[in-house]
Each structure stands twice: as C-alpha cells, then as structure tokens.
Amino acid sequence: MPVVLYTDPAWVIGPDGAVDCDRADVEREVYGTDIQMRFGPCRDGAFDVSGDAFLGALRGADAVAIYRAQITQEVVDLLKPGCRVVARQGVGTDNLNAGLLERHGILGFHVPDYCVDEVSSHTVAMLLALERKLIAQDGLVKEGRWSIHAGGVPRRTGDLSVGIVGFGRIGRATSRKLQPLYRRVLAYDPYVHDDLMRGYGVQGRPSLAELFFDADAVVLHAPLDDSTRHMINDMSLRPLRRGALLVNTARGGLVQPEAVLERLRDGRLGGYGSDVFTPENPCDHPVNKEILTSPHTVVTAHRAFLSDASERSQRLRVAEEIRRVLLTGRPPLFGRLA
C-alpha cells in the first residue's frame, strides 16, 4: 500500500498540542483504504521540519505533502527512488524547490488559487486598519484613554493612490476590492502586460520605483524567488512618498526588515502591515521583533489564507491530486510545476 507523509500539517494538531489523527477526516475520505497516511514528528504543538527525526520520517514515503518544510538535496536523497510526488499545501513554491524535484524525476505541485478571496480580503483589512488607525485607537480606548484624535488623524482614501506589487490571481482580486476605496489603483508586475491591467481598471507602472513614487500605499503580492528576495530594501523605498503605508501578505523574504524598521523610525513609512516574516515567527528575529513594538504596525501570524472553506479546499485538492498520481500514474491536473 502506498504511503503519503504529511510533514507539518498545522490542521492535525489538537488543543493539547499533540497530533490528532481524527482531524485528518478530509484525507481519509479521499484515500480510503488505498493509501496509508503518516505524519511528521511533532513536539509541544510544533512539527520538526529539520533534524534526524524529520529526515527519518521521510524514508519509505511514496508521496510527501509539505507546508513550511523545505525540500533540499538531503531530503530528495532520502526520498529517492520511491517517492513519486511532492505537494505544497499552499500557494507559494519557494520551499518546494521545483527544479531539484524535476531533476530527480519527482513530480511537484501546489494549490495556487484556493485562497484568493481570503488573502485579498486580509490585505485590504490590514491596509484599512492602518489607514483608519484602528489598532492604536483600540488599545487607547481599552486603556481608558478616550480621545478622538489620539493615535493620529486618518487620511481620506478617496483622495489617494494605492499600488500593487505583483498582479497575479491575488493581486487582481485585491485590485477589485481596493477600487471603491481609493482614487487610483496602480500596479507593477514585469510579467503582466499593461493591457491586462487596464482591463481590470488598474494603471500599470513600468518599474517598482515609479510605482512607489506615485503611491500613497503599497501592497505586496509578488512571489518569492531570487529576483524578488529583499526587493523591498533601503534603495527601493527611497522614492516612497513620506507617510506611505506598506502591507505584505505574500512572503517575508520580499522585505528587508532593517530597511522597514529604519523607514518606520524616520517617518518615511507611516505604517507597516505584515502577515509574513522570515523567520516565520517575528519574535525569533531581533529586527522583526523591534518592528512589532512600533505603534504603526499591524501584524498577524501568517494566516491571511485561512478560512474554514479555504483550508478544507486546499486539503481536499492536495489529497485528490496525490491519489491521482499514486493510483493512476497520471500527473496532477492542477498546480503542476514545470
């Protein structure tokens, strides 16, 4: 019987911090008695995604489903020759290492569109929380400090321009949700023609610098790869309008945290919203931890994708595609990489 290993599925951890196999109900419906499931090593509510226990769990797997775990040469060496497919339980592919999998004849896929509505809504919510000074006001009122003007006076968004970096599925959905709120929606994406942007009522900009120069707020929806890593840095932030807002619901690696912290300090950035950090927990990085102390930040724990419907959809689609590969030998129908 083929075996699928789920390395680090957050949804299988119960309230006591231990793996609860009964939570894998969606997967059992798909696999039935044809495919056996295993889970990676978990301690105190967190999965090991490196080390001997993690690597040992990979042995004998015919399929692997990863969440935050990284596919490396060491991992692939342990998966060969039996593993036929590796799935990423999410949108991004930066930890899937598609080129490495392809070179070793292992299929790879992700689920690129299961949470478009959730991430675009989360982006807009973060941006509006910054615009309306909601977090500052919430804290002050709860402390008994009732003041209309405390925390800063909001801007009128209908007079402002907002820019989107990355105009793929989520960027396009975000543009539709921002259009009733801002005077202009701009976008920069070197892989999307200006004609398509105009079809969405969005004005394209030919460079990141020109987008930053024209925008009062910027949201990030770019993928993470070698060309975009730390694309938000000291140099790229220089054209930004003073007091502009920045929101990142894409990947932590897009942003150089030192640059963001400095721009928050000098006021070039009027606010920063982020759902994603590198490393995952911002408290594990000294600069990110300091960013959290700014009164002009709104942060969440990498959950922009999350809803009851999106999580179920992602789990179902991953299981269905793994079953397809293992039992029919055919490649995935959706999200296949190269």
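Helix α7, residues 169–178, gives the largest share of the lining of the largest pocket: four residues come from there. Please keep in mind as we go that this is a predicted model.

Let's stay with that pocket for a moment. The largest pocket holds about 960 Å³ of space. Its lining takes in 42 residues, and those nearest its centre are Val91, His221, Ala222, Pro223 and Leu224. What classes do the lining residues of the largest pocket fall into? There are 20 nonpolar, 13 polar and nine charged ones.

Now, over to the second largest pocket, where the space comes to about 600 Å³. Here 26 residues form the lining, with Tyr67, Arg68, Gln70, Glu280 and His302 closest to the centre. If you sort the lining of this second pocket by class, you get 12 nonpolar residues, seven polar and seven charged.

Next, the sheet. You can find five strands here in an open sheet, and reading across you pass β2, β1, β5, β6 and then β7, with parallel pairing. Which strands stand at the edges? Those are β2, at 36–39, and β7, at 107–109; each has a single partner strand, so one side of each is left without a neighbour in the sheet. On average, and ignoring direction, neighbouring strands of this sheet are turned by 20° against each other.

Strand β1, residues 3–6, runs parallel to β2, and four bridges join the two.

Thanks, everyone!

Methods: Residues numbered from 1 in each chain as written. Predicted model: local features only at pLDDT ≥ 70, side-chain atom pairs only at ≥ 80, totals over all residues. Heavy atoms only, no water. Pairing = 2+ DSSP bridges. Axes fitted to C-alpha atoms, helices over the stretch in contact; angles between N-to-C directions. 1 Å grid on protein atoms, 1.4 Å probe; cavity = no way out; pocket = protein on both sides within 12 Å on 5 of 7 lines; lining within 4 Å. Points joined across faces, edges and corners; volume = space filled by probe spheres on them. Nonpolar A, V, L, I, M, F, W, Y, C, P; charged D, E, K, R; others polar.
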